[in-house]
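This report describes selected backbone features and the strand pairing of one protein model.

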Amino acid sequence: MVIRALAIAALLVGCGTFQDPNVVVDLRVLAVQASPPDQVIDIDITKPPSPADVLAQLVTTQVCALVADPGADRRLTWQMSICPFGANATGERCADPAKTVVVAAGSIDDPDTTVPQPMLCGAVPADASLLGVLLDALADADFGGLGGIDYNLELRVSAEGAPIDDPDTTVFTSKTLRVVPRIPATITANHNPTIDHVDMAIAGRAGATALPLQRCVENPAPPEVPPATKIRLTPAEPDGARETYVAATIDGKGQTFTESLTYQWTASAGSFSKGKTGGPHQLSGQPAPLFTDFKTPAAGDLDGPTDLTIWIVQRDERLGVQWYEGCVRAMPAPP
């Protein structure tokens, strides 16, 4: 045991400092959005619908991904597939080729430097292939699919020219997609969330202003901020941003909830006090704080004025996703 403990300690020392997960330095998929985020279909539980009846109510789902690749200037290739969860899906990957359907593939120019911003988007068509995946997923769904049928969308992204299935060079991620029966009748489909703006309060300056939600490459004059300076970022939600919805209960009735929204914060450099904010109410009953404190890099870490990308990903608990991108300019000396 002593030898094992010493070996582990030596390994940890050799590893050095781990990369901050809230700082993006290489190829990463930051978010995947589906429109619509879920689909609600009408069924009669006394007369189960035929597969054709279900298919007639489904619509094509548009899927887009937020991808960052600051470590290289290159084109990227991507591929989207769908499969049922369960034994066919392992983590973020579809494991069984026989139950995996490729629905879209393509290439995009460099996502960080190209103007206008290239969009990594594909579609999951409402066709027989989707129906087959849903029927497979239904076999593993809880309560016979009363609360909905979830299936997996797998996204692969790699550098153009690299194999799209090489785990050493390909980034894999997944997105849960859902089809929900309208039981009870008050169930409605979800919408992707939204914000009005993001307040930016820079330490040492009075008041707050709105963070310009614009890419660095498209913003010639972002707000200038001194090195090692704290910026409090607070999303401002419009009225109705948190939808009230009904979820099915096991007795076939429903329970009403109000969405809790979360925010994921990442940047190209610097640090955050919290990488994720928001969520359910605290035990005290108070709303969960939405803000985070972003700190610009120290002067010694800046090679002249440096534009810093800040990505904000907003999520609800019903698979809804929205993202925003802002920019500040860190100055080696106070501007």
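## Backbone features and strand pairing

A228 is situated in the loop that links β13 (224-225) to β14. The model discussed here is a predicted one. The phi angle of A228 is near 50°, which is a positive value in a residue other than glycine. Most residues other than glycine have a negative phi, and most peptide bonds are trans. With a relative accessible area of 41%, A228 is partly exposed, because the value falls between the cut-offs of 20% and 50%.

L319 also has a positive phi, of about 75°, although it is not a glycine. This residue belongs to the loop between β21 (306-315) and β22 (321-330). Is L319 buried or exposed? L319 is buried, because its relative accessible area of 16% is under 20%.

Two peptide bonds of the model are described next. The bond from S35 to P36 is cis, and P36 is placed in the loop between β1 (28-35) and β2 (38-41). The bond from V115 to P116 is likewise cis; P116 is found in the loop between β7 (101-108) and β8 (120-124). The table lists the two bonds with their omega angles.

| Peptide bond | Form | Omega |
|---|---|---|
| S35 to P36 | cis | near 0° |
| V115 to P116 | cis | near -5° |

The next topic is strand pairing. Which strands make up the open sheet of five strands, and in what order? The order is β12-β11-β14-β20-β18, and the pairing is antiparallel. At the edges are β12 (209-210) and β18 (271-272), each of which pairs on one side only. Within this sheet, β14 and β20 (residues 292-295) run antiparallel and are joined by four bridges.

G240 lies in the loop between β14 (230-236) and β15 (244-248). The relative accessibility of G240 is 64%, so this residue counts as exposed, the cut-off being over 50%. How far apart are G240 and P193 in sequence and in space? They are separated by 47 residues in sequence, and their C-alpha atoms are 9.4 Å apart in space.

Key
Residues are numbered from 1 along each chain as its sequence is written. This is a predicted model: local features need pLDDT of at least 70, side-chain atom pairs count only at pLDDT 80 or more; totals for chains, interfaces and linings use all residues. Side-chain values use heavy atoms; hydrogens and water are left out. Helices (H or I, at least four residues) and strands (E, at least two) are DSSP runs, numbered from the N terminus. Buried means under 20% relative accessible area, exposed over 50%, partly exposed in between (1.4 Å probe, protein chains only). Two strands pair if DSSP finds at least two bridges between them.
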